[in-house]
Amino acid sequence: MDLAPKQSKSESMSAQTSTVEQRLKNFMQDVSGRALVMMESATQGQQGIATDLVQEAFIALHQSYAEKTLEEWYPLFYTILNNKLQDWRRKEARRAQPFAFFKKINLDDDQEEAIELVDETSLNPSDFLSQAVTVEEIQQAIAQLPVRQQQAFMLRAWEGFDTQTTAQIMNCSEGSVKTHYHRAIQGLRASLVHLNPYLGGSSDEK
């Protein structure tokens, strides 16, 4: 006979909530820094906007996908974050063009850039660090890239997502991801080559 006190329904729910909150806290600690770097680059250094976008994405993740596993949270979070970034960019574009609401705002050129490329080996940022290029210099170089190239590079190289998952997050084709990533690496090499000549050369040679 089990003499242990039974948990009430409210106590059980409270325990589940506490577990979800702790999981979310741990998840936020893991991805916040990288997500903020991505959003600061995409918003041209507007730290307040970047922080708001990241926080809104965490809130939306918690509200809609609390029951998902930690592994599922990663692509879901970045998908939400990408959508919020695109919404912000559209608002900024309309603000800059008062009559833009009369026409569709095209922020990206995914269709134009979707050319066939063999996907490159993921470029680990630590490769740059081991060659005496600082994190700040990498971030500055990333910030100079077009937003979609920034996203493709950071999702592939920093977060380690494969091409298919990155395409789902960015809501574009795998061919577009390969192109954006390819051009991002070329752009970073061009920006950083003066700091380290070993970064020179074309990735096409691989």
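Tutor: Start with the order of elements along the chain. This is a predicted model, and read along the sequence it follows the pattern α-α-α-α-α-α-α-α-α. The protein has 9 helices and 0 strands.

Student: How much of the protein is buried?

Tutor: Burial is judged from relative accessible area, with under 20% counted as buried. Here 39% of the 206 residues fall into that class. As for contacts with a separation of 6 or more, 64% are between residues 24 or more positions apart.

Student: Which residues have the most contacts inside the largest nonpolar core?

Tutor: A core of this kind is a set of buried nonpolar residues joined through their side chains. The largest one has 43 residues, and Met39, Phe77, Tyr78, Leu81 and Phe153 have the most contacts inside it. Two or more residues of this core come from each of α1, α2, α3, α6 (135-143), α7, α8 and α9 (174-192). The largest share is that of α1, with 8 residues.

Student: What is Leu81 in contact with, leaving aside its neighbours within four places in sequence?

Tutor: Leu81 is in contact with Ala35, Met39, Leu53, Val54 and Ala57, once those neighbours are left aside.

Student: How many cavities of 30 Å³ or more does the structure hold?

Tutor: A cavity is a space from which the probe cannot get out. The structure holds 1 cavity of 30 Å³ or more. The largest cavity has about 40 Å³ of space. Its lining is made up of Met38, Met39, Tyr78, Leu81, Asn82, Gln151, Leu155, Ile169 and Met170. By class, that lining has 7 nonpolar residues, 2 polar and no charged.

Student: Which elements supply at least two residues of that lining?

Tutor: They are α1 (9-42), α3 (70-96), α7 (147-158) and α8 (163-170). The most comes from α3, which gives 3 residues.

Student: Asn82 is in the cavity lining. Why does Asn82 count as buried?

Tutor: Asn82 counts as buried because its relative accessibility is 3%. The residue lies in helix α3. Its side chain is joined to that of Gln151 by a polar contact of 2.6 Å. Apart from neighbours within four places in sequence, Asn82 is in contact with Arg148, Gln151, Ile169 and Met170.

Student: Ile169 and Met170 belong to α8. Is α8 mostly covered or uncovered?

Tutor: Count the buried residues along the helix. In α8, 6 of the 8 residues are buried, and the helix is mostly covered. The buried ones are Thr163, Thr165, Thr166, Ala167, Ile169 and Met170.

Student: What is found at the start of α8, and what comes just after α8?

Tutor: At the start, a side-chain oxygen of Asp162 reaches to within 3.4 Å of the backbone nitrogen of Gln164. Just after α8, Asn171 takes a positive phi of about 60°.

Student: How should I read the second largest pocket, and which residues line it?

Tutor: A pocket is open, whereas a cavity is a space from which the probe cannot get out. The second largest pocket has about 190 Å³ of space. It is lined by Ile49, Asp52, Leu53, Glu56, Lys84, Asp87, Trp88, Lys91, Glu92 and Arg95. Two or more of the lining residues come from each of α2 (47-65) and α3, and α3 has the largest share, 6 residues. By class, 3 are nonpolar, none is polar and 7 are charged.

How values were computed: Residues are numbered from 1 along each chain as its sequence is written. This is a predicted model: local features need pLDDT of at least 70, side-chain atom pairs count only at pLDDT 80 or more; totals for chains, interfaces and linings use all residues. Side-chain values use heavy atoms; hydrogens and water are left out. On a 1 Å grid over the protein atoms alone, a cavity is a set of points where a 1.4 Å probe fits but cannot get out, and a pocket is an open set with protein on both sides within 12 Å along at least five of seven lines; lining residues have an atom within 4 Å of a point. Grid points are joined across faces, edges and corners, and a volume is the space filled by probe spheres set on the points. Helices (H or I, at least four residues) and strands (E, at least two) are DSSP runs, numbered from the N terminus. Ala, Val, Leu, Ile, Met, Phe, Trp, Tyr, Cys and Pro count as nonpolar, Asp, Glu, Lys and Arg as charged, and the others, Gly among them, as polar. A nonpolar core is a set of buried Ala, Val, Leu, Ile, Met, Phe, Trp, Tyr and Cys residues joined through side-chain atoms within 4.5 Å. Buried means under 20% relative accessible area, exposed over 50%, partly exposed in between (1.4 Å probe, protein chains only). Contact means heavy atoms within 4.5 Å. A polar contact is a pair of N or O atoms within 3.5 Å; within protein, one must be able to donate a hydrogen and the other to accept it, and residues adjacent in sequence count only if both atoms are side-chain atoms.
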